[in-house]
Amino acid sequence: MAEVNNQKEVLISVRNLVKRFPIKGGILGREVASVKAVSDVSFNIFRGETLGLVGESGCGKSTLGRCILRLIEPTSGEVVYKGKDILKLPASDMRKLRRSMQIIFQDPFASLNPRMTIEDILGEPLDIHELAPTKADRRKRINHLLDLVGLRKESVSRYPHEFSGGQRQRICIARALAVEPEFIVCDEPVSALDVSIQAQIVNLLQDLQSELKLTYLFIAHDLKVVEHISTRVAVMYLGKVVEYAEADELYSHPTHPYTKALLSAIPIPDPNYRKDRIILQGDVPSPISPPRGCYFHPRCPIAQENCKQEFPPLIGVRPGHQHESACYYAKEGPLVRTVK
Amino acid sequence: MEKILEVQNLQTSFFTESGEVRAVDGISFDLYKGKTVGIVGESGCGKSVTSLSIMRLIPSPPGKIVGGKILYAGKNLLDLSIGQMRKIRGNEISMIFQEPMTSLNPVFTIGNQLMEAILLHQDLSKSGARDKAVEMLKLVGIPSPEKRIQDYPHQLSGGMRQRVMIAMALSCNPQILVADEPTTALDVTIQAQILELLRELQEKVGMAIMLITHDLGVVAETAHEVVVMYAGKVVERATAEEIFKNPKHPYTQGLLNSIPVLSKDPTGKIKKTRLEPIPGIVPNLFDLPKGCRFQERCKYVEDRCRGVEPELRELVPGHWVRCVKAEAGDSAMAVTVSRG
């Protein structure tokens, strides 16, 4: 898929990534089935951009994010970072590489150790990667980090519980920045925060990106936030990328029926606006035994006979745009057969 | 319009070791037959405590309703005995909670749990209650309800569980449905299904809905009237149309401005390159500022905002605002929500 772009440098290339979680059963504990969390996903992330990854819960977006950092070991495929397949690296090399690749988690309440002060939290990555030879250096860097994320210097001796959700997320961001990474996986960084605070964190992430030339993989289920922050967006459904394009292009010309349904489901804060919502029937099928053919066909309002046979390939639609869609009937405009 | 419930100057406090927390500090609003009131606010503003107070479900101690009246059918709910309240709760007034996963009992089948409320409040035999339970499951759109009734909660998906919760809440044809963040734990496509379902059922049954949410999009789509809460007080109250078209309180304006706008926003708003968050954080209820509770985060703050707390004033008929600076007419303070 995504051809090599001449102008932009590919920072990370994910190729045919697969992650299956085995389900063991029976007295012998043999593998009886598996959860296909990520199946055959490929995409590129260019330097300095934000790739948004959207999808509903259980679609594999967080697993994918973690596989890229090898926090979860993928079953097969390649993750090429600056020309090297990091899945083949030994653990010690991988550890060094983690300096360049960091992650921010969803829940700022669960991802900070309650017994560590802010100084300990921010100092730990500096110690591990030996980035602060002297005590004074360490202090200086920690102060600088707090300054970057907009927290007061006095915070160093305080504990996570003394901070609000938004401030804790700032601490998590500072921790990720401590090792001066190039690439950060933001796994639902604003989902647990209140609306007014969400906007603060989104702005902070954008400021840091332009200041420190960061590259983000931004995982979220809030489609509005994803469009706001992303350069390009990939939509996932049941472990597969079903549509992939520049953010503006995807949101203004969605072609996959699932993307259309997702976009139409966004509540719009205007009571006078009543739109033709595509209400999908049923739930997301189990990733243990996904349906044959296109995974979306049981809920798809325009599914035809051939959709039940084989999963459609992710191919270019809308010539002139880098826009790919995995649907035999991908096209713009309203769904022909809308379900009431 | 027929008034069903009147909340007058409700005050609910929690008595903790560090002192009294006034979680709900004198709020008033009305519910009308067949209409929806949306209660909006961020975490800790007292919106859930309001709903629990109406249901008389405030854990006591430490909580206590210290003042006000809740008038339903000529009676003050706060004067009723536990036995009398039990007859109303789940029967005439029922509630759906945010977490469908934790509010169903995992060791009983959903049929068993549905029938419990029906047998308690209605004069039906066991088989009659069973038929009623099946009928309710059918009403909320659960496929093959005769079989599903024997399922345990873990066998259902999140959306299905929320449907079961709604079926349970509606099984005794309540006059009032209190929905506390009914879709927050669900994905957008499922959220769209559930909101649609609530709207349909409201039309069919004619109940009044009190919808508690932090999502302004959800409010815009479902509520007829909106109550905006901040730190335990109502800061603005008006029809949904008025609130979104002509927000008067700086907090309401701030909330609306913090949400990203879609590039192809169907209502013609212009996409923002940068979000406008509300600075700062919600004040500590133990240590509220003197005067307006929003002063520390407000960009229009003046000397007169400090000292005396502003009254809730009726600017134009039906539009109440707690801000000394708000004036009638279009945007006295620069409303920065841009409209095309």
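Is B:R56 buried, exposed or partly exposed? B:R56 counts as partly exposed, because it has 18 C-beta neighbours inside 10 Å. Here a residue is buried if 20 or more other C-beta atoms lie within 10 Å of its own, exposed if 12 or fewer, and partly exposed in between, with C-beta atoms placed from the backbone.

This is a predicted model, in which local features need pLDDT of at least 70, side-chain atom pairs count only at pLDDT 80 or more, and totals for chains, interfaces and linings use all residues. Residues are numbered from 1 along each chain as its sequence is written, and chains are lettered from A and ligands numbered from 1 in the order in which they are written.

**Chain B**

Chain B holds 10 helices and 12 strands. These are DSSP runs numbered from the N terminus: helices are H or I with at least four residues, strands E with at least two. The C-alpha trace spans about 65 × 50 × 40 Å along its principal axes. Buried residues account for 48% of the 340 residues.

**Backbone**

Most residues other than glycine have a negative phi, and most peptide bonds are trans. The table lists exceptions.

| Site | Feature | Value |
|---|---|---|
| B:S60 to B:P61 | cis peptide bond | omega near -15 degrees |
| B:P61 and B:P62 | cis peptide bond | omega about 10 degrees |
| B:R56 | positive phi | near 55 degrees |
| A:K82 | positive phi | near 50 degrees |

B:R56 sits in the loop between helix 1 and strand 4 of chain B. B:P61 lies in the loop between helix 1 (47–54) and strand 4 (63–72) of that chain. A:K82 is in the loop between strand 4 (76–81) and strand 5 (84–85) of chain A. A:K82 is partly exposed, with 15 other C-beta atoms within 10 Å.

**Interface**

The contact takes 36 residues from chain A and 39 residues from chain B. Two residues are in contact if their C-beta atoms, placed from the backbone, lie within 7 Å. On the side of chain B that touches chain A, helix 7 of chain B gives the most, with 6 residues. That side divides into 18 nonpolar, 12 polar and 9 charged residues. Ala, Val, Leu, Ile, Met, Phe, Trp, Tyr, Cys and Pro count as nonpolar, Asp, Glu, Lys and Arg as charged, and the others, Gly among them, as polar.

**Core**

In the largest nonpolar core, of 189 residues, A:L217, A:F218, A:V235, B:I176 and B:M210 touch the most other members. Helix 6 (residues 158–170) of chain B provides the largest share of this core, 8 residues. Such a core is a set of buried Ala, Val, Leu, Ile, Met, Phe, Trp, Tyr and Cys residues joined through C-beta atoms within 7 Å.
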